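Please walk through the structure below, from the packing of its helices to its individual side chains.

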Amino acid sequence: MNQTYATAAVSLIVLATLLVGALGLRISRTTSDFYVASRSVPPRLNAYAISGEYLSAASFLGVAGLVLAQGVDMLWFPIGYTAGYLVLLIFVAAPLRRSGAYTLPDFAEARTESRTVRRIASVFVVGIGWLYLLPQLRGAGLTLRLVTGAPQWFGGLLVAAVVTTAVAAGGMRSITFVQAFQYWLKLTALLLPAVFLLGAWGNDHAPRPSWDGPPTFHRATVVDFDAAQRIAVDQPVRVTVKGTVDGKRLDRAPLLLAKGPHEIAAGASVRFPEGARVPRTAAGSQAGPDRSSWANPVSADRDQHSLYATYGLILATFLGTMGLPHVVVRFYTNPDGRAARRTTVIVLGLLSAFYLLMPVYGALGRLYAPDLVLSGDTDAAVLLLPQRLIGGITGDLLGALVAAGAFAAFLSTTSGLTLSVAGVLAQDVLPTLGVRHFRLATLLAVAVPVAATFAVPDLSAAGAVGLAFAVSASSFCPLLVLGIWWRGLTPPGAAAGLLVGGGSALVAVAATMGGAPRSGLLHALFAWPAVWSVPVGFTTMIVVSLATRHRIPPSTAAVMARLHLPETSGPRPSLP
């Protein structure tokens, strides 16, 4: 990839983001402007903004990498990400807007009349937001290093600085325009290169990728191993080696790799023949922490318990979307509940259009970039395909466009997360002094995850994203669904469900990220906890609420009426 073109493209995205953020400074004046854009964002613009912030780099880069490395089963990820909005449309969108809240903790307190529930919800919002911010900042560093050669720490700091400036300058009103612009940039950055890539694929006689196992080498391919690695060969293959393999030093000499594990020393180059299957990365590999990680499943036993893992993924993505703080806060910006529903329908269409491109890049990656599975850079497939298939200045320009789209993905998602976390910090942690403390909260919202990226440089991005979805599905999904649709929810029930449901998911995935348990069914249960932690959250809320019926808030009838009566039906009861 041409680093000059990529650097120029990323610089233009940064400049455009700052300019649009400066526009927000001119039109954002009130506290309501900063928190919810004065609840005046029309459905179409809001849908563009929601799609822009939701399509993070895990979607822009990671989904294609998943398809490249593990096949079509990984398309459950984009299906789950999109279908989550269908669940949100049916159960949550309009009532949540009618609640009149600014944040999820606002809704929790208004529904339960409990400061305790509000504090618990605030902790979960901030925790989920910071967990989701970590892979954005870390991924920005990896991507910027790949496309420009900049130090890895620089990308995360650049994203943090740009986002802090834009959010602090104009709040929600400013970020709405930024994210809407970035959605269309991301779609263009994938759609235009896809047209050229499909043309090049057709000129290559349209070969079909292999889906019945690991990817195969479409052409004879040389793989350079920057770090020592252990690979597992499924069937014997004759390769040409320069370097050390299984303790033998060779200089461009042929070697038969028998079925089973093999040790590849750092600095070795291995030439695989056309048609050979890509070896698997075996346990004990020493690939460095700067490799792709959100394209790896959290559970190493996914193949052994694939049905359970698939259901765990479906539940986490279907139900976790409605509890992600940067997603929910945008529905407070619509003028009314009807506009919130229209926004969600448009979002479903926008996300579907985007995710239709992911199988294209994944399939082309299996054909023309299978070596990335061994190097650990599967997320780079989207960035590298234009140069590999097209080459020349056209490939460089298309690669720069893709790099710009990838960096826009980091900026847009980080902006939404920072805004949602800052809103909660400004209301529940710092003294409420309007816009001034909102800007201070913005600095705090970004500073903590930035510090964490330096303190824990080898944190698994897949683990962080999976943890955020699992905790969201197990905590806020029960709170929102029961809070909106069941009159019997009580403050003790809400508090217990948040702690037990969200806490169990947190402990399970954190234990998996920590390496225990390492294998077997228990490992799968901990790595994909939504199958059991979501029912635990719902059951705890219901059982404790039934046991404390005398604690049903006295204003429940008025609150439920406000949540479900259309805005045009006459006088509306107000929240206490």
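**Helix packing, burial and aromatic contacts**

Helix 9 and helix 16 cross in a left-handed sense. By residue class, the contact of helix 9 with helix 16 is made up of 22 nonpolar residues, 12 polar ones and one charged residue. The angle at which helix 9 (residues 152-203) packs with helix 16 (residues 392-428) is about 145°, and their axes are 5 Å apart. The model described here is a predicted one.

Helix 9 also takes part in covering another element, helix 13. Spanning residues 358-368, helix 13 is mostly covered, with nine of its 11 residues buried. Which residues of helix 13 are buried? They are Met358, the run Tyr361, Gly362, Ala363 and Leu364, and then Gly365, Arg366, Leu367 and Tyr368. Besides helix 9, the cover over these buried residues includes helix 4 (57-70), helix 12 (337-355) and helix 15 (381-389).

The next stop is a strand residue. Leu255 belongs to strand 4, which covers residues 248-257. Is Leu255 buried or exposed? Its relative accessibility is 16%, so Leu255 counts as buried, the cut-off being under 20%. Leaving aside neighbours within four places in sequence, Leu255 is in contact with Val237, Arg238, Val239, Val241, Val245 and Leu250. As a point of reference elsewhere in the chain, Leu66 is 189 residues from Leu255 in sequence, and their C-alpha atoms are 30 Å apart in space.

Aromatic side chains come next. The structure holds 14 aromatic pairs. Tyr183 and Trp184 form one that is edge-to-face, with 5.1 Å from centre to centre and 75° between the planes.

Arg39 lies over the face of Tyr102, 4.8 Å from the ring centre.

Notes:
Residues numbered from 1 in each chain as written. Predicted model: local features only at pLDDT ≥ 70, side-chain atom pairs only at ≥ 80, totals over all residues. Heavy atoms only, no water. Axes fitted to C-alpha atoms, helices over the stretch in contact; angles between N-to-C directions. Helix = DSSP H or I, 4+ residues; strand = E, 2+ residues; numbered from the N terminus. Left-handed = near helix turned anticlockwise from the far one by under 90°. Nonpolar A, V, L, I, M, F, W, Y, C, P; charged D, E, K, R; others polar. Buried < 20%, exposed > 50% of the residue type's maximum accessible area, 1.4 Å probe, protein only. Contact = heavy atoms within 4.5 Å. Phe/Tyr/Trp six-rings, centres within 6.5 Å; stacked < 30°, edge-to-face > 60°. Lys NZ or Arg CZ within 6 Å of the ring centre and 35° of its normal.
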